[in-house]
Structures are given as structure tokens and as C-alpha cells.
Amino acid sequence: MTAVIEVQGVSKHFRLHHERHQSLKERLIHPGGGTFTEFRALQEVSFTVNSSETVGVLGRNGSGKSTLLKCICGVLQPTSGQILVRGTLAGLLELGAGFQPELSGRDNIYLSGSMLGLSRRSIDRLFDSIVDFSELDGFIDTQVKFYSSGMYVRLGFAVAVNVDPDVLVVDEVLAVGDERFQSKCMDRIREFQKEGRTIMLVSHNADQVRSLCDRAIVLDHGVLLADGPSGESVKIFREALLGESRMDDLPGEHEELVSIDAVSTATGRFDARTGAPWACEIAVTSQEAFEGYLVLELHTHVGTLVTRSDPTSAPIALNKGHQRIGVNLPELPLLDGSYELSIGLLSQFGHGVVAWREQVATIEVTYDGRASGIVPIEPKVTVY
Ligand SMILES: Nc1ncnc2c1ncn2[C@@H]1O[C@H](COP(=O)(O)OP(=O)(O)OP(=O)(O)O)[C@@H](O)[C@H]1O
Ligand SMILES: [Mg+2]
């Protein structure tokens, strides 16, 4: 295995200036201008990405994901530490990064291409396939400042995947495009995987990371919280999201206190009707008496979180041994479609995931009415 990206002890600090609300005293102490505090967006982050690996980057808003990607792409200089990239790298960074707003789409293609080290002649050769992929033919001579965010992403992604990079780095921007373009991008990313290219991908969508990535890293307040197989990293990411991140209690290190063994229904099928009651049964095994909470999640088939239940509304107390937990939803508020069910058990104070089963079942909902989408709304109208 060859290391393609090596991130060694990287920190990135930003200066946050406080020019306003300055007292007279502060102005006397700092006559040159405002005061500042240093914000540590990345702290001593180290990891390696090997050739042909797809690595996901998870973390909540502001955890440093985009900053990390910008450092890897060379758009930002780390405050300390080193980053080595072997081979050519194309990146699709945060919206707008990398394009000159005053220039047309055409000129930006040439500009990005030359920044990636391509000659004018090679860009000439790639130009049509870039425009083709971006589906922006009618707008290619328009200044990109007039592009919508979706158009920006199309152009950025089209450039990134057509310049034949060894490494592709993609920030979350893909979520901006419409569903059809997103799935076209996903297909292209899968092709890249088959061709053995190396990919780093930021995503808030844990399911997408599980299905696409071999490995994932988790950032939390600029600190690398986890680096491991996607499933494990997703679990740690969820723990961080749900409150406490228990660094001393990584999965696999000791036996689980409670395990979720199976989920079943009375009929054996996971079908449901909009507005009708729905029930299931969860078989669990507990190593000792346990008090905590149950949490349910439903995702659409493209991985959008439809709902995460409030754990405190479902407290549970288990005895040692095998047990069953009955779950009832008096009125299923979903329109027709397939929904992925995930189930978790949280410890007593609602912190810390004790057991988690991702996508244990697919619920097929049927609906006879005329509404469409995920949830029905029933507007009451008055004309006056
Ligand atoms: N140029 C900058 N100057 C000052 N602070 C910055 C700058 N860029 C980023 N930050 C701060 O660094 C932190 C990390 O930002 P970053 O954009 O990397 O987060 P992120 O994980 O990508 O978040 P999101 O999920 O919202 O995209 C944030 O608190 C942000 O405010
Ligand atoms: Mg970001």
C-alpha cells in the first residue's frame, strides 16, 4: 500500500478579530487596531490515506472538515504540521472556492485546468467532456457570479472528474445539486473507485459514508476523534452527535452491555399504511440490568434523515438476559415509499450509545391519497 495523502500533526488556527465593541481601555492597550483571539479549527490532526482508498470525513458543523480539505488541496496553509500528497489532486471544495466570479464558465475551466497543471492543449481536448458533464452548454460563456449554487457545483465537479486526477477530494457540496445530478456524481465517484483512484469525501450523511467509504475519520472541534472502518466511525460520529463522545469506550474493545439481536413484526413483513398504527418488536440481550432510552431513526432510501425520535420519550428498563421491547407508533405519519429503520439504545442520561443497529429493516409504506413527498400536510383554507 502506498500512502497517497499523509497528514502529519496538522493544526490550523484562525485569528478572529474583534474590532467592534472595543472599549477605550482596549484601544489604548492595542492602538494598532482590534484585538483578536485565536481559534483552533484543526488541532494536531494526523492520518494517512492509501492508494485506492475511499475515506469519508464526518463531523458536525464547524468541526473542521472543510478546513482540513482546503489544507490538503493547498488552498490554506496549515499553521503547523505537514501534508504530503503523491500524484495529481483535484478538489471540489466549499461552494465558490476555486472559481473567479468575474470570469465565464469557459475561462474558469481553463483557469482551474492550468492550476491543476494542465496545458492549454490538454484542456482544449477535455473541454467538451467537461461542459457535457456539467450540462451547462447554454451558460458556459456566462460569468459564474450569475450561476446558481447548483450550477457552480456542476461546473466544479465536471472539472474535477475530467482532469484525470489520482486523488479526488470532495467537500459536501454535492448535496447542493438536484437529485439526478447527485446520482450522476455518485456514479462517477463509483467509477473512480473501480479505476483505483484515491478519494476523500466529506459528508453529513452517515449512510452514504457507510456505503461508499472503506474508512472514515471523525473530526470533533478540530480534533481527530476516530479513524477506522466506516461502520465504527459512523457509530462514534453518532455518539458525538448524540451528546457524549466516549473516547475511552470505542466499539469492539469490550463486550457490549446490551445487544440488539433482531427486529421483527407480527406479520413478518415490514409494510405499513400512512396514518395507520405500526408496531415492531426488538429482541435484546443485556449483560446486566440496564436503564436507558430507546431511539428510532428513519431515513429515506437516499439517506435523508426523516426523523430521530426523542430518546427521553422512550425510557426503558431491562433485566439481565434476553428480552423483548415492543414499539408502537399509533399513527405512522409517512407517505408512500421505503424507509430505512435504525435503532439505538442510549445510556441512562441520554448520553452515549450503548447499542446501535443501522438500517435493521426497510419499512414499505403505502398510501391511497393524493399527497406526495415524505409527510402529509393538510392545509385548511379560507377564502376572504
Ligand atoms: N477563514 C476563516 N476565518 C476564521 N474562522 C474560520 C475560517 N474558516 C473556518 N473558520 C472556522 O473554523 C471552524 C471550522 O470550519 P469548517 O468550515 O472547517 O467546518 P466544517 O466542519 O466544514 O463545517 P460544516 O459542516 O458547516 O461545513 C468553524 O468554527 C469556522 O467558523
Ligand atoms: Mg464544511
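Two strands count as paired if DSSP finds at least two bridges between them. The legends below apply this rule to a predicted model.

**Figure 1. Overview of the predicted protein.** The model is predicted and contains 8 helices and 18 strands. Of the 384 residues in the protein, 45% are buried. Among contacts with a separation of 6 or more, 70% are made by residues 24 or more positions apart.

Figure 2. An open sheet is built from 6 strands in the order 5-6-7-3-8-9, and its pairing is mixed. Strand 5 and strand 9 (223-229) are the edge strands, each pairing on one side only. Direction ignored, neighbouring strands of this sheet are turned by 15 degrees against each other on average. Helix 6 packs on the sheet and touches strand 3, strand 6 and strand 7. The direction of helix 6 makes about 145 degrees with that of strand 7. Within the sheet, strand 3 (residues 54-58) and strand 8 (residues 215-220) are paired in the parallel sense over 4 bridges. G56 has A216 in strand 8 as its bridge partner.

**Figure 3. Strand 6 and its two partners.** Strand 6 (residues 167-170) is covered on both faces. V167 and V169 lie on one side, L168 and V170 lie on the other, and all of them are buried. Strand 5 (residues 89-92) pairs with strand 6 in the parallel sense over 4 bridges, and L92 stands opposite V170. Strand 7 (residues 198-202) also pairs with strand 6 in the parallel sense, over 4 bridges. Here the bridge partner of L168 is I199 in strand 7. From strand 6 the chain passes through helix 6 (residues 179-194) to strand 7, forming a right-handed β-α-β crossover.

Figure 4. D164 is found in the loop between helix 5 (149-162) and strand 6. The phi of D164 is near 60 degrees, a positive value in a residue other than glycine. Most residues other than glycine have a negative phi.

**Figure 5. Helix 2 and the residue that follows.** Helix 2 (residues 65-73) is mostly covered, with 8 of its 9 residues buried. The buried residues of helix 2 are K65, S66, T67, L68, L69, K70, C71 and I72. Just after helix 2, G74 adopts a positive phi of about 85 degrees.

Figure 6. E94 is found in the loop between strand 5 and helix 3. Because its relative accessible area is 34%, E94 is classed as partly exposed, the category between buried, under 20%, and exposed, over 50%. Leaving aside neighbours within four places in sequence, E94 is in contact with S66, K70, D171 and V173. The C-alpha atoms of E94 and T67 are separated by 9.5 Å, with the two residues 27 apart along the chain.

**Figure 7. Crossing of helix 3 and helix 4.** The axes of helix 3 (residues 105-115) and helix 4 (residues 120-134) come within 10 Å and cross at roughly 130 degrees. The two helices are therefore oblique to each other, and their crossing is right-handed. On the helix 3 side, the residues that meet helix 4 are R106, I109, Y110, G113 and S114. Helix 4 contributes R120, I123, D124, F127, I130 and V131.

Figure 8. An open sheet of 3 strands has the order 10-12-16 and antiparallel pairing. Its edge strands, strand 10 (258-264) and strand 16 (321-329), each pair on one side only. The twist from one strand to the next averages 25 degrees. Strand 10 is joined to strand 12 (residues 278-286) by 6 bridges, and these two strands run antiparallel. V258 stands opposite S286 in strand 12.

**Figure 9. E44 in strand 2.** E44 lies in strand 2 (residues 35-50). The phi of E44 is near 50 degrees, a positive value in a residue other than glycine. E44 counts as exposed because its relative accessibility is 57%, and exposed means over 50%.

Notes:
Residues are numbered from 1 along each chain as its sequence is written. Chains are lettered from A and ligands numbered from 1 in the order in which they are written. This is a predicted model: local features need pLDDT of at least 70, side-chain atom pairs count only at pLDDT 80 or more; totals for chains, interfaces and linings use all residues. Side-chain values use heavy atoms; hydrogens and water are left out. Buried means under 20% relative accessible area, exposed over 50%, partly exposed in between (1.4 Å probe, protein chains only). A crossover is right-handed if, with the strands pointing away from the viewer, the path from the first strand over the helix to the second runs clockwise. Axes are lines fitted to C-alpha atoms, for helices over the stretch in contact, and angles run from 0 to 180 degrees between N-to-C directions. Angles under 35 degrees count as roughly parallel, over 145 as roughly antiparallel, 65 to 115 as roughly perpendicular and the rest as oblique. A crossing is left-handed if the near helix is turned anticlockwise from the far one by less than a right angle, and right-handed if clockwise. Contact means heavy atoms within 4.5 Å.
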